[in-house]
Structures are given as structure tokens and as C-alpha cells.
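This report walks through one structure, step by step. Keep the sequence and the view at hand as you read.

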Amino acid sequence: MSEKEEILLQKTSLILSKDTSQMKLNDIIEELVRVIESQTKVYR
């Protein structure tokens, strides 16, 4: 795994508050979208 991939894995794990190393990419993206949507609703 490249350094960039490791950093991305750490950041997604932090954002989602879970270990994302075994998750499928589509699942990670779906969860990130939910987090982003929930955050943008707060700021509107």
C-alpha cells in the first residue's frame, strides 16, 4: 500500500469512526456521502 493510500485509509477511518481497511470502496463512499450530507444540513 502506498503512503497516499495509508493516509486516505487513516482519514476515512477517523471521519467514519470505524476501521475502513476491510470495507469495500463503494461502502466507504456511501458512508462518507452520508456524513457529508448530514454535515451540510447542519450548516444550512
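## The buried side of α1

Three residues of α1 are buried: T12, S13 and L16. Buried means under 20% relative accessible area, exposed over 50%, and partly exposed in between, with a 1.4 Å probe and protein chains only. Seen down the axis of α1, the buried residues fall within an arc of 100°, so they line one face of the helix. That arc is taken from the directions that run from the helix axis to the C-beta atoms. An α-helix has 3.6 residues a turn, so residues three or four places apart point the same way.

The face of α1 turned away from this buried side carries exposed residues. They are E3, K4, Q10, K11 and L14.

α1 has 14 residues. From its first C-alpha to its last, α1 reaches 20 Å, close to the 20 Å expected at 1.5 Å a residue. The expected span is 1.5 Å times one less than the number of residues.

## How the model is read

This is a predicted model, in which local features need pLDDT of at least 70 and side-chain atom pairs count only at pLDDT 80 or more, while totals for chains, interfaces and linings use all residues. Residues are numbered from 1 along each chain as its sequence is written, and side-chain values use heavy atoms, with hydrogens and water left out.

## The chain as a whole

The chain has two helices and zero strands. Helices (H or I, at least four residues) and strands (E, at least two) are DSSP runs, numbered from the N terminus. Along the principal axes, the C-alpha atoms fill a box of roughly 40 × 15 × 15 Å.

Of the 44 residues in the chain, 14% are buried. The chain exposes about 4,000 Å². Carbon and sulfur atoms supply 56% of that area. Accessible areas come from the Shrake-Rupley method with a 1.4 Å probe; for residues, only the protein chains shown count as cover.

Charges come next. There are 7 positive and 8 negative side chains. The centres of the two sets lie 8 Å apart. Lys and Arg count as positive and Asp and Glu as negative, while His and the chain ends are not counted. Each charge is placed at NZ of Lys, CZ of Arg, CG of Asp or CD of Glu.

## One salt bridge

How many salt bridges does the structure hold? It holds one. The term means a side-chain nitrogen of Lys or Arg within 4 Å of a carboxyl oxygen of Asp or Glu. The partners are K18 and E31, and their closest N and O atoms are 3.1 Å apart. K18 lies in the loop between α1 (3-16) and α2 (25-43), and E31 lies in helix α2, so the pair ties together parts that are 13 residues apart in sequence. K18 is partly exposed, at 37% relative accessibility. E31 is buried, with a relative accessible area of 18%.

## The loop and α2

Just after α1 comes S17, with a positive phi of about 55°. S17 takes this positive phi although it is not a glycine. S17 is found in the loop between α1 and α2, and it is exposed, with a relative accessible area of 66%.

S21 also lies in the loop between α1 and α2. At 35% relative accessibility, S21 counts as partly exposed.

N26 lies in helix α2 and is exposed, with a relative accessible area of 55%. S38 is found in helix α2 and is partly exposed, at 36% relative accessibility.

| Pair | Apart in sequence | C-alpha to C-alpha |
|---|---|---|
| S21 and Q10 | 11 residues | 8.8 Å |
| S38 and L16 | 22 residues | 12 Å |
| N26 and K41 | 15 residues | 23 Å |
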